[in-house]
Amino acid sequence: MLLRLVPEFELRRDVVPWLAAQGWAAALDTSENSSALYVVNVERNGKIIYTWKGSQSNTHIGLYDLQTKQNEHLYTFEKDLHIISCSVNNERTLLAVSFHQYTEDETANQLLQSVSKYLTLLIEIHPINNVRVLKAVDTCVRVQFLYPVEDRNASTESRLLLVSEDKYIEQFDIRVVAEEHKVVIQKSGQLPRTKVADDLVWAQWDMMEQRLFYIVPKESKSTLRCVQFYPDENFNSILESHLDISVNDTQLKLVNFGYDYCQDQDVASKSLNLQVFTSKAGGLCVCCSLACDTPDEIMYSIYFLHKGEDARIDTLQNCSIRSPLVSTVLDCEAGSLYAVSISDSTLLQLLQKSERDSERLAALHCALLYFQHTEYLEMQIIRWISENLSTCHSFDPIQEFIIASLYCRMCPETQNLDKLLPYTSLLDWIGVVPGVICATDIISLPVLEFQNSKGFWEKLNSNLESVKYAEPQLHYHNNVLRREWRNLSEEREERRTTAYLRNIFENAKKVLSHLDAWDSEARLVPLFEEEDYQQQLLMGLMVAQLKDHLMRHLQYVGKKKIDQIVLDYVANLLNLIHRIMKEVWRRYQLHSCVFCFDERGSAGEFAVFHIMSRILEAANGMCLPLPPGFHTLHLGLGVRCLPLHTLLHYIDIGVLQLTETCVRKLLKDLDDTEQNEKLKFSIVMRLPEALGQKVRQFWNHPINANLIARKYVKLLLENLGNRQCSRSIPERFSVPVEFLPLNYLASMLTEIENQGVHPYEKQDHVNARFVEEMALQHTMTLLGLKYS
């Protein structure tokens, strides 16, 4: 199973031995008689209330403490009763119980009597004293004590919620006093009570946060409301939102109000199957399970009452499964409470074995969200990505890994950052991922009414306010970044010294120094070890634009904090790419031989080259910067692994980029065999002019010298423009040449040089004499003659 269930409580293990020791072991075969021993409620402090039948037709109520692992007997009814609902207050001085008056055998004999079917009692149990009737009705009633904040001193007041099957909820205020080592209810008359909700068809109790969610049906739409109960105050109706949900108005459906093993199964099949989920970040959504014609499929709709995807679906389909505490599920039929966590091994199996993109995408995001700090799991995810680059058709797994990992790492740092950073590479879910249907309806925002409320409601309100006033596309995207990067990349060299560009490159230096501070260990993959103008330009631009984006929406955070967030984001991005490379490098056991060009690459090197090509494709698709040195490493692997025609094709279409480091080493290290000459010449002919001037000098070969001479003449004549030669042409050069056109060209070049037009000022060996020598050599070679 994907969920790892660790039993924290089991009736057989934790209760039955204690009952046997107390002499109550007569009725404890839970597999044969589910009504003999069963759980009825779990309180906020983790105390579990259960009931069992004694040997003399008595009905007992007991309490198990999860912290102390101790059982406690609370009360005994000297009748065979069916307990429907039970709750004990925080001080364990009062017990509220709702039960059916008669067993099934007695019911037929009592039908003619005018006695209510259901009874709700309030019992003093410290020690056992008075019993007070709260309700005597013909409809079922659920009871639930409110719990104050933890570690608060014992209170003299308890508050009790009564939920009636007649679709109303009321609160009883109960004051107690201590008298002669016992606690009794203070007043003998009617207890004060207040109506909390009316005309509801569905209600859910949030035990941990002391909230009541309920739905009131309207003519066209239902209304979801929430009442917040405070520890030192009364209660306040705090939320109201309209939902386009069709509700069943026949029976009241209750969630987390204890468990009645008979009635709940009957109600579950007839009423609305719906639950509310909240997150500490201020997210709130409604999950509604829909009827499906296919028995093995579950259909559900999720209604977000805020902008985002921060919701957890942590309940199971069976009506006997409840989630009363955080990260727990209660199997009421089995009488077991489990601590729930996600199984990382099963999640990996789901990722590896799934055949649908929707399942792969969900498993990938789930793994990154819950196990982002587990290095082993991250290594397994990277391995899966490297093996399934062409398996996923609806999304790029490398893009999703990088973007989702950044989102999970960065968003916990600052409130509302999750609404500003991208969480997926998919811009539109509709029709993109098969099996996933996402429809968004613009609805009126929920109404929140609270004063000085901290925590969840404050965060939810902030989320709602951001929806009202935020720009349509709140998450950062790369459209402007891509356009600006292209414009700056195409500018002429002399324009690259502006203050704006100096600031851009200063940003890039901060990112790289930030990254160096993290990675003190020797790097397995030879990255970050050279200057890369294009990539530093891109990462500097990303820093600048992401900073502007966050400053527009997080002014209250402060410039210094935003600067830190942005540097962390871009540095984490580069580090994630390096992390992918490191795992791939280890897997195929590569080493520094990738920069030796005197032998062909191995199968492992070819696999790594293919993965690097996909990383490059993923980065280009989202305009993400790559670590400096990436293109050099990629080109080095390409030279070793690809045939020449494929290598040149990859260079021509931009998959491989010629870098100074790699080309210089290739020209210097490879000898001049016929095959290597062809490779070198093909590379040199494709070099950009500025780069060519730097690296051609490292290839001492006539072909290269001839190419340099041709380039020199071309640039010299281009720079001449309309300038005229004023001096007479010398008659002869030191080398006797009878070919008059060459004489004239050499004389012209000499005159131009004398006028100070030198395109190759840093290369002293390039001049008119050099051009003449190369021209003679080339001519003699073409004629098949020897030149001396």
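1. Axes here are lines fitted to C-alpha atoms, for helices over the stretch in contact, and angles run from 0 to 180 degrees between N-to-C directions. The model is predicted.

2. Helix α16 covers residues 660–669 and helix α17 covers residues 674–685. Their axes lie 10 Å apart, and the packing angle is about 150°. Since angles over 145 degrees count as roughly antiparallel, α16 is therefore roughly antiparallel to α17. The crossing of α16 past α17 is left-handed.

3. Which residues make the contact between α16 and α17? On the α16 side they are V663, L666 and L667. On the α17 side they are L679, K680, I683 and V684. By class, the residues of this contact comprise six nonpolar and one charged, with no polar.

4. The sheet is open and has four strands, ordered β6-β7-β8-β9, with antiparallel pairing. Which strands stand at its edges? They are β6 (82–88) and β9 (128–137). Each has a single partner strand, so one side of each is left without a neighbour in the sheet. From one strand to the next, the twist averages 20°.

5. How many bridges join β8 and β9? Strand β8, residues 118–125, pairs with β9 over seven bridges, in the antiparallel sense.

Terms used. Residues are numbered from 1 along each chain as its sequence is written. This is a predicted model: local features need pLDDT of at least 70, side-chain atom pairs count only at pLDDT 80 or more; totals for chains, interfaces and linings use all residues. Side-chain values use heavy atoms; hydrogens and water are left out. Helices (H or I, at least four residues) and strands (E, at least two) are DSSP runs, numbered from the N terminus. Angles under 35 degrees count as roughly parallel, over 145 as roughly antiparallel, 65 to 115 as roughly perpendicular and the rest as oblique. A crossing is left-handed if the near helix is turned anticlockwise from the far one by less than a right angle, and right-handed if clockwise. Contact means heavy atoms within 4.5 Å. Ala, Val, Leu, Ile, Met, Phe, Trp, Tyr, Cys and Pro count as nonpolar, Asp, Glu, Lys and Arg as charged, and the others, Gly among them, as polar. Two strands pair if DSSP finds at least two bridges between them.
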